[in-house]
Amino acid sequence: MNNLIIIGNGFDLAHELKTSYADFMLWYLNKTRKWLINNLEYEDDICAVKSFPRNYFLTGDQPFNSISNAFESFKNRNINIYPKSEFVDGLLKDMRNGYWVDIEYFYYSHLVSIYRDYERNFSKYDIDAKASAKSLNRCFSAIISLLEQYLSTLTIDENKRNPFISKTLKGIIKPERNKNKLVNPPYTLLLNFNYTNTLDLYAHDLDMSNSRTNVVNIHGLINSEINPVIFGYGDEMDPYYPKLENLNINSFLDHIKSFHYLKTTNYLQLMRFVEADPFVIYIMGHSCGLSDRVLLNSIFEHDKCSNIKIYYHDRKDGSNDYFEKTQEISRHFKPENKAMMRKKIVPFEKCSPLT
């Protein structure tokens, strides 16, 4: 039985890398603060931030320690933020109010909103729909560029290598052999959804010199020309997706992940692995959200997928996210395949926390 290990952002967070969207937005707001030390305004393709004379930040000011702290500081200094789209305005408002935000899903919901306006006013808003989609894409592309800049500032601490994760990976990749038989270890594919190289901490455990173990960075890597970052939405099962496709306006599809998968052989490598032999899926830190639905559906429902084992997150209050994770996974199965889902997901008592 082969192994498919799905690595998500929770894997990076388990190594204390600040890779959440909130961390990214806090960095962005501190970036504007640093600029405002010597300037009265800051502007890019996302926002314009304008200050009145003598209200800008001073060199000795401490960086913002939270998004709410950033907005409070702006308010106290009569500094105004002018988002360049409703999309960015909504993002900032939700983050300021402490809501968890999935930027990729938020982007798609705004794309659908543009389509619904077009659908209600077909003849009048044809040109407006194209313009709105292009404006949304311009902001989203700017966010992708800034996100890559932010991730480039992070460093992976070798001392954060986790013994439990090391033991877990080795247990999957190199299971104990039957003493009476010479058994080759299974083929293992690590499907990395992160843009970072955190997996390098476990290079020895993964034994990458062995041709039976491989890593596919399905969403690319930062600062890579041959495997560029893929950031967008990937739910072709959503009822609005075929409507967007049938519009015959390409800008509505600019950030749909399926088209970006064609830039490299990563998706083909995954499909070759999935179609070769039976496999077990191990989920480590992936939210299983809808932004990756087209890809996850193709492997979760595959006939050769035997089981789905969840390495859940243990919270500080003693609870965990196993139950929520099963709900997210269920959304990747078609209605007629829910019985298949219940057979494949490994029960809680046989699962473990990630760390």
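1. Contact here means heavy atoms within 4.5 Å. On that basis, the buried residues of helix H13 pack against E7, helix H12 (293-300), strand E8 (305-312) and helix H14 (338-344). Helices (H or I, at least four residues) and strands (E, at least two) are DSSP runs, numbered from the N terminus.

2. This is a predicted model, in which local features need pLDDT of at least 70 and side-chain atom pairs count only at pLDDT 80 or more, while totals for chains, interfaces and linings use all residues. Residues are numbered from 1 along each chain as its sequence is written, and side-chain values use heavy atoms, with hydrogens and water left out.

3. On confidence: pLDDT (the predictor's confidence in each residue, from 0 to 100) averages 91 over the protein chain, and 94% of the residues score at least 70. The lowest mean, 84, belongs to helix H8 (residues 203-206), and the highest, 98, to strand E7 (residues 279-284).

4. The buried residues of helix H13 (residues 322-330) are Tyr322, Lys325, Thr326, Ile329 and Ser330. They lie on the same side of H13, because they cover an arc of only 140° around the axis. Buried means under 20% relative accessible area (1.4 Å probe, protein chains only); the arc is that of the directions from the helix axis to the C-beta atoms.

5. The largest nonpolar core has 59 residues, and Tyr28, Leu29, Phe74, Phe87, Ile103 and Phe252 have the most contacts inside it. H6 gives the most to this core, with 12 residues. A second, separate core of 32 residues includes Cys288, Phe300, Tyr322 and Ile345. Such a core is a set of buried Ala, Val, Leu, Ile, Met, Phe, Trp, Tyr and Cys residues joined through side-chain atoms within 4.5 Å.

6. The structure holds 24 aromatic pairs, that is, rings of Phe, Tyr and Trp (its six-membered ring) with centres within 6.5 Å; planes over 60 degrees apart count as edge-to-face. Phe11 and Tyr202 are edge-to-face, with centres 6.0 Å apart and planes at 65°. Phe11 is in helix H1 (residues 9-14) and Tyr202 in the loop between strand E5 (188-192) and H8, 191 residues apart. Both Phe11 and Tyr202 are buried.

7. Phe87 and Tyr107 are also edge-to-face, at 6.3 Å centre to centre and 80° between the planes. Phe87 lies in helix H4 and Tyr107 in helix H5, so the pair ties together parts 20 residues apart in sequence. Ring pairs link Tyr21, Phe87, Phe106, Tyr107, Phe140 and Phe231 into a cluster.

How values were computed: Buried < 20%, exposed > 50% of the residue type's maximum accessible area, 1.4 Å probe, protein only. Phe/Tyr/Trp six-rings, centres within 6.5 Å; stacked < 30°, edge-to-face > 60°.
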